[in-house]
Amino acid sequence: MLLLKTIPSVLLLVYCSAVPTPQLTSDEDAHLTVPELITKYGYPVEVHHVTTTDGYILTLHRIPHGKNTDKVLNKVVFLMHGLLCSSADWILTGPDHALGYRLADEGYDVWMGNARGNHQSRNHTRLNPDTDAEFWQFSWHEIGAIDVPAMIDHVLEVTGKESLYHVGHSQGTTSFYVMGSMRPEYNSKIKAHFSLAPVGYMNHMTSPLMHIMAFWSGPLDLLFKLIGVNEFLPTNEFLAMIGDTFCSDGDITQFLCSNALFAICGFSPKQMNASMFPVLTGHTPAGASTRQLVHYAQEINSGAFRQFDFGLKNLEIYGSFTPPSYDLKLITAPIYLFYSHNDWMAGEQDVIRLCNGLGDSCKGKFLVSDNAFNHLDYLYGISAPQIVYDRLISLMARH
Ligand SMILES: *[C@@H]1O[C@H](CO)[C@@H](O)[C@H](O)[C@H]1NC(C)=O
Ligand SMILES: *[C@@H]1O[C@H](CO)[C@@H](O)[C@H](O)[C@H]1NC(C)=O
């Protein structure tokens with residue numbers, strides 16, 4: 001509990017104030033798979049599998065066109081989800097709202113990736129995720145350096161295109177920057193990249209749960225007991241501790257704080273649509289490796305955007321005592337950043353530093369007009385279509 005005292009408590013007042021009681025509807029969408037959901041709402045869907053060079057079997061979901069087949073742009077967009085999320089997050093809020101459907105209706109051929117280790121990509125040619133610890137020895141470094149390039153190659157091969165648009169949310173932006181710097185040959189395959197809640201540097205991130213991990217001074221094995229050694233599986237005790245400490249009043253805050261995704265990222269009551277809760281919590285958190293979170297925690301401590309810190313093994317792995325930084329100068333694809341004042345994970349100063357580091361590639365950065373807009377509102381926020389997607393779609397049309 002001592003640890004918790006190091007965290008700024010001002011935030012809690014902002015987020016955990018008066019909130020309406022959730023209207024928990026028995027929503028069948030909570031139990032449908034991604035293809036079932038897309039079919040239910042009248043859109044075409046395809047499921048694709050890609051095997052990476054290191055054996056992970058990844059699932060991609062495709063909405064090849066919208067309902068109006070006259071409106072076909074013959075352009076491909078690839079959407080990459082964030083930490084603890086999946087392809088589901090681009091469609092969960094339904095056709096009137098979700099970006100996956102909106103882009104399909106605009107005439108795009110929409111592909112939604114899934115990173116190794118989430119519920120959709122929890123498979124391997126050789127390793128068993130339930131029994132082989134080796135399966136979980138990856139962070140978002142491997143997702144960016146291996147998974148995203150493999151999925152992009154597949155999409156370009158199937159569609160016969162040479163380039164595509166890329167939209168990332170949260171870790172989906174991190175993995176894009178990793179790809180652009182580690183596999184710079186992929187920059188020419190990107191017409192334009194759009195970062196929703198960009199996460200590169202993390203010095204100014206305010207998520208209490210991430211701070212607990214970053215400032216954890218106790219034995220690591222105790223932390224791992226609480227959140228999982230290999231696969232990120234926070235115990236109910238750990239989430240209850242977060243809930244009790246940070247979200248004590250109101251049924252809805254307790255309810256959302258008991259979900260690892262919302263506990264990490266926070267939420268703004270004004271942007272939350274309570275009738276969406278069953279479907280959102282039915283599909284998230286969608287799974288991750290513990291190392292993905294530890295890698296972010298390392299960034300909070302180091303202030304650098306660099307590869308995973310293996311401690312004493314760095315010398316053997318990297319040939320240096322500290323891990324190499326990602327070279328932002330190698331990222332040459334046009335990039336647009338969407339950020340907001342109230343984002344627990346993507347602090348404003350960090351986004352500005354990132355844009356400066358990207359130099360000429362940072363074509364624009366847009367501060368979202370709603371000051372209460374939070375990290376997950378880019379996906380689920382009631383006004384996301386008006387204050388984010390409309391601009392994104394018009395920018396995309398320019399490239
Ligand atoms: C994992 O991939 C194998 C093919 O290598 C497939 O036979 C199996 O059904 C997959 N398992 C799951 C749970 O998707
Ligand atoms: C909230 O979600 C419900 C169910 O999807 C939808 O009918 C309603 O329009 C949404 N409310 C707002 C304010 O977006």
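View 1. An oxygen atom of ligand 2 lies 2.3 Å from an N or O atom in the side chain of asparagine 273, and an oxygen atom of ligand 2 is 3.1 Å from an N or O atom in the side chain of serine 275 (a polar contact is a pair of N or O atoms within 3.5 Å). The residues around the ligand are Asn273, Ser275, Met276 and Ile382, where a residue counts as near if one of its heavy atoms lies within 4 Å. Of the 370 Å² of accessible area that ligand 2 has on its own, the protein covers 37% (Shrake-Rupley method, 1.4 Å probe). This shell divides into two nonpolar, two polar and no charged residues, with Ala, Val, Leu, Ile, Met, Phe, Trp, Tyr, Cys and Pro counted as nonpolar, Asp, Glu, Lys and Arg as charged, and the others, Gly among them, as polar.

The model is predicted, so that local features need pLDDT of at least 70 and side-chain atom pairs count only at pLDDT 80 or more, while totals for chains, interfaces and linings use all residues. Residues are numbered from 1 along each chain as its sequence is written, chains are lettered from A and ligands numbered from 1 in the order in which they are written, and side-chain values use heavy atoms, leaving out hydrogens and water.

**View 2. Helix 4 against helix 12.** Helix 4 (residues 140-159) packs against helix 12 (residues 290-302) at an angle of about 105 degrees, with the axes 8 Å apart, and this makes helix 4 roughly perpendicular to helix 12 (65 to 115 degrees). Helices are DSSP runs of H or I with at least four residues, and axes are lines fitted to C-alpha atoms over the stretch in contact, with angles from 0 to 180 degrees between N-to-C directions. Trp140, His141 and Ile143 of helix 4 touch Gln292, His295, Tyr296 and Glu299 of helix 12 (contact means heavy atoms within 4.5 Å).

**View 3. Helix 4 against helix 5.** Helix 5 (residues 171-182) and helix 4 pack at about 80 degrees, with their axes 8 Å apart, and the two are therefore roughly perpendicular to each other. Among the residues that meet are Val148 and Ile152 in helix 4 and Val178 and Met179 in helix 5.

**View 4. A cis peptide bond.** The peptide bond from threonine 284 to proline 285 is cis, with omega near 0 degrees, and proline 285 is found in the loop between helix 11 (277-283) and helix 12.

Terms used
Polar contact = N/O pair within 3.5 Å; in protein donor to acceptor, adjacent residues only side chain to side chain. Parallel < 35°, antiparallel > 145°, perpendicular 65-115°, else oblique.
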